[in-house]
Every structure is written in structure tokens, then in C-alpha cells.
Amino acid sequence: MTALHIVSDADGEVPHPNIRKIGMLEVFDALHRGWIDFREKPSHYVFLCLLYPVAGLVLMAWSAGANLLPLMFPLASGFALVGPIAALGLYEISRRRELGLDPSWREALEVRKSPALFSIAAVAAVMFAIFVGWLVIAQLIYEAYFGVDYNLTTSEFFQNVLGTSAGWAMMFWGDLIGLVFAVVVLAISVVTFPLLLERDVGAVSAIWTSIRATAANPLPVFLWGLIVAVLLFIGSIPIFAGLAVVLPVLGHATWHLYRKLVEPPALNS
């Protein structure tokens, strides 16, 4: 495991990067910097992120065609759980811009050469497992209220969800449990992937650093999670088209938030 740099870094150690405390305004500053990064070459980033709205549409069409309408909303919301993985190329672009370089969209693919690639893959596997867990629990919640009959028309499905007390109860518990999943994912991923992209510290150290950053800055990180949720919701209306802009902005902003939350390597003791 050490040879692949999954648990530890290349030296077999588990580093503990220093954490900064930040204010709420710095979260908005990170978002503003993310917008500036996007604004520099929006055509590159829109091109890179066109796959997200396309994937969203395919996801929705598949869930409807496969009689999986009850999983339509969990799938759409769960899409945000794997967003930090999908934004790896955007972190790389922001990192290169920070170094004074003028990166093209092709350089976003350079993350595949990262020495921490195995650690990145390991954390991505954890995120995907959480995503699958969310889908399983969402399905169980639906079945607890409406049984296992998935052969519903779209109108019947929405009538069940919006027109019955059971539907409202299902949405309440689904949203509550979904919030728990979102908080867990936010805590373990807010700086994990940008950290691994910059430093081969190992998956354990990266996740633990993210948790420490969240614990030290609960309100700013909560604000960041709220901003992400709101912008993803707006970008998903009506057919996920806005995600082609929202996702790159959030991806770049995540890099700048990481810069604010974690001290650079040279400052570590």
C-alpha cells in the first residue's frame, strides 16, 4: 500500500498539513476568484464541462425509461456527491494559473500523471461508495412508503410524491438523510482532492486534513456547502444546461478555498 502511496506519502509517512481559520467573506472571495478563472477562457471550460449536463440528461432519461422514476431525484442530487472528483481538471487549471502559466483545456488532463494518482483513485472509490449507499437508502425510503412497484407513469409518480401525506413524509426523511450524506461528503472532500493534486500526502492524510479544516471552520465550510447546493440547483434548471457554467466556477473556487484553508508546503513545520 505504501508503494502505491495510498495510505501514506512516498516516504511512508502520514503528513499533517497546517490548517488556517478563515472568515465567511473569504468563502465569497474564493467564489469570486473561481469566477475570474472561468472568465479568462470560458470556452475551454464550457467545453470540458459539457459532459455534465449531457450526463445529467442521460441519467434522467435512463431512470425514466428503466422505470426508475423513484430514483430520479436521488440520482440528480447524488450527482453532487461525485462532483469533487469530476472537478480535478479544473483544480489543475487553477493551480497552473496560480503559477503564472497560461493553461489550455488539454492541460486539465495532466492530472492523470499525478504521483498521487492512486490516492486520488482511492478517495474517489470512497466517494463512489457513499454515492451508491445514498441510492440504496433512497430506494429503501421510497419502498417503505410506496412499496416495490416501480411501474409508474410520470404523472402517477408525481401524484404519489406531491399529492399524498406519505409522499411528503418520504421527502422529509429523504431530505434529512440526504443532508447527512451531504455533510459527510463535504467534510471529507472540501480540500482532499486539491491537496492530493498539489502534494502526494496519501489518502488518509488528505481526508483527515479535510475533516480538520471543516472542524476548524464549521461556519465557512457550511456556507460553502450551501453555496454549492444552491448553485447546483440553479444550474440544473431546467435541463442541467447551467451546469456547464456553474461546475467550472465551483471547481476553480474549490481550489482557491483550499488555498485559504490549508497552508502551503513551505510554511509547514
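1. The buried residues of H1 are Val27, Ala30, Leu31, Gly34, Asp37 and Phe38; buried means under 20% relative accessible area, exposed over 50%, partly exposed in between (1.4 Å probe, protein chains only). They cover an arc of only 115° around the axis, so they sit on the same side of H1. The arc is taken from the directions from the helix axis to the C-beta atoms. An α-helix has 3.6 residues a turn, so residues three or four places apart point the same way.

2. This is a predicted model: local features need pLDDT of at least 70, side-chain atom pairs count only at pLDDT 80 or more, and totals for chains, interfaces and linings use all residues. Residues are numbered from 1 along each chain as its sequence is written, and side-chain values use heavy atoms, with hydrogens and water left out.

3. Helix H1 (residues 24-40) has 17 residues and should span 24 Å at 1.5 Å a residue; its end C-alpha atoms are 25 Å apart, which agrees. The expected span is 1.5 Å times one less than the number of residues. Helices are DSSP runs (H or I, at least four residues), numbered from the N terminus.

4. Helix H12 (residues 218-235) also agrees: its 18 residues should span 26 Å, and its end C-alpha atoms are 25 Å apart. Its buried residues are Pro220, Val221, Leu223, Trp224, Gly225, Ile227, Leu232 and Gly235. Their cover includes H1, H9 (165-189), H11 (203-216) and H13 (243-261), with contact meaning heavy atoms within 4.5 Å.

5. Leu179 is found in helix H9. At 48% relative accessibility, Leu179 counts as partly exposed.

Conventions
Helices (H or I, at least four residues) and strands (E, at least two) are DSSP runs, numbered from the N terminus.
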